[in-house]
Amino acid sequence: MNLIDHTNPIWASKMRRINGAYTYSQDLVKYQVPHWEKVLGENDLISTCPKIYERDVIDNCGTIIQYLHSYPYERPVEKIQAVVDELSLKCNRIVFVSGYKEYVRRLTYNGINAVYAPMSIDVKAVQEFEQPKIHSNRIIYFGNVVREKVSLFNKLHQSCKEAGLEFDYISTGRMNAKIEMTREEVLQTISTYKYGIGVGRCAQEMMALGVKVIIAGQRFGGLIVTEEDYERQLATNMNGRVHTHSLSLRKCLKNIDNAITQSNDITEVNHAELLVENLSNVFQ
């Protein structure tokens, strides 16, 4: 089996900041690659992070497994079809793995092999940094504030202050744009807060640390107060594509103490097994 991951020099040289794709790839290499090694052959290729290009494909390639770390708002199927068109003549089959259930449905509907593997984190590794809660009148936003998130970020900041909560944030490894932090320091700091705001892996990591989380990033996703809420948010990688409890930030802040804290553990799932079960007709 041939592996391309977050250490790929070309991809790493373009990465400007630690992001969810990088940390997820780290977990995939540690916990999922051993499962893939049991079902993939020596001529198969898997990427846990970078996009696979034609230049990456070895001669006589069998199966290509490509993890997708995002669900584009514009032309999502067309972008994957372009990848298929580029690589299909170089291998026997291409399969995409995504943490977005609707994305997988759309790809499958259009004849593209895809399997849904819910986003998961290394819960135990995150919880090693848990500290006592000391900030009950503050809220922390965790996630890189990229251009697409700025507008909602500013609204969240203002609304939280109006609700009587001091607003802190960690973005690109810095606390409030000033204090530079290591990954370990980030998790330790976050765990001292009772309330948080974030999406994706950031949301799951906060919940693993016992932080009650409002889902918000590029879009506002609401609050998770029931198991049904959790499953709906998990199916969209908790990125704001669906909303649960309420679309009102004021109402979510009022009811945030009712939020549940739950995370999906990567040590308890087997992505290779999910693929074989769901795509038995193409993956044998």
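I take contact to mean heavy atoms within 4.5 Å. The model under study is predicted.

**Entry 1: Val29**

I began with Val29, which has its place in helix H2. Setting aside neighbours within four places in sequence, I found Val29 in contact with Asp5, His6, Pro34 and Thr48.

**Entry 2: the chain as a whole**

I counted the elements of the protein chain and noted 11 helices and 12 strands. The radius of gyration is 19 Å, close to the 19 Å that the globule rule gives for 284 residues, so the chain is as compact as a globular protein of that length. Along the principal axes, the C-alpha atoms fill a box of roughly 60 × 35 × 35 Å.

I next turned to burial and surface. Of the 284 residues, 51% are buried. The accessible surface comes to about 13,900 Å², and carbon and sulfur atoms account for 46% of that surface. For contacts between residues at least 6 apart in sequence, I recorded that 66% join residues at least 24 apart.

**Entry 3: the parallel sheet**

Ile64 stands opposite Ile94 in S4.

**Entry 4: the mixed sheet**

I then traced an open sheet of 7 strands, in the order S9-S8-S7-S6-S10-S11-S12, and noted that its pairing is mixed. Its edge strands are strand S9 (179–180) and strand S12 (220–223), each of which pairs on one side only.

S6 and S10 pair in the parallel sense over 4 bridges, and Tyr141 stands opposite Ile197 in S10. Strand S10 (residues 193–198) also runs parallel to strand S11 (residues 212–216), again with 4 bridges. For that pair I noted Gly198 opposite Ile215 and Tyr195 with Lys212 as its bridge partner.

I asked how many residues of S10 and S11 are buried. In S10 the count is 5 of the 6 residues, so this strand is largely enclosed by the rest of the structure. In S11 it is 5 of the 5, so that strand is largely enclosed as well. Lys212, Ile214 and Ala216 point one way from S11, while Val213 and Ile215 point the other way. In a regular strand the side chains alternate between the two faces of the sheet.

Helix H6 (residues 150–162) lies across strand S6 (135–142), strand S7 (166–171), S10, S11 and S12, at about 150 degrees to S7. Helix H7 (residues 183–191) lies across S6, S7, strand S8 (174–175), S9 and S10, at about 140 degrees to S6.

**Entry 5: nonpolar cores**

Last, I looked up the cores. The largest nonpolar core has 50 residues, and those with the most contacts inside it are Ile64, Ile80, Phe96, Leu107, Ile170, Ile190 and Met238. Of these I followed Ile190: apart from neighbours within four places in sequence, it is in contact with Ile140, Phe142, Ile170, Met206, Leu209 and Val211. A second, separate core of 20 residues includes Phe153, Phe167, Ala216 and Cys252. In soluble globular proteins, nonpolar side chains tend to be buried together.

How values were computed. Residues are numbered from 1 along each chain as its sequence is written. This is a predicted model: local features need pLDDT of at least 70, side-chain atom pairs count only at pLDDT 80 or more; totals for chains, interfaces and linings use all residues. Side-chain values use heavy atoms; hydrogens and water are left out. A nonpolar core is a set of buried Ala, Val, Leu, Ile, Met, Phe, Trp, Tyr and Cys residues joined through side-chain atoms within 4.5 Å. Buried means under 20% relative accessible area, exposed over 50%, partly exposed in between (1.4 Å probe, protein chains only). Two strands pair if DSSP finds at least two bridges between them. Helices (H or I, at least four residues) and strands (E, at least two) are DSSP runs, numbered from the N terminus. The radius of gyration is taken over C-alpha atoms; the globule rule is 2.2 Å times the number of residues to the power 0.38. Accessible areas come from the Shrake-Rupley method with a 1.4 Å probe; for residues, only the protein chains shown count as cover. Axes are lines fitted to C-alpha atoms, for helices over the stretch in contact, and angles run from 0 to 180 degrees between N-to-C directions.
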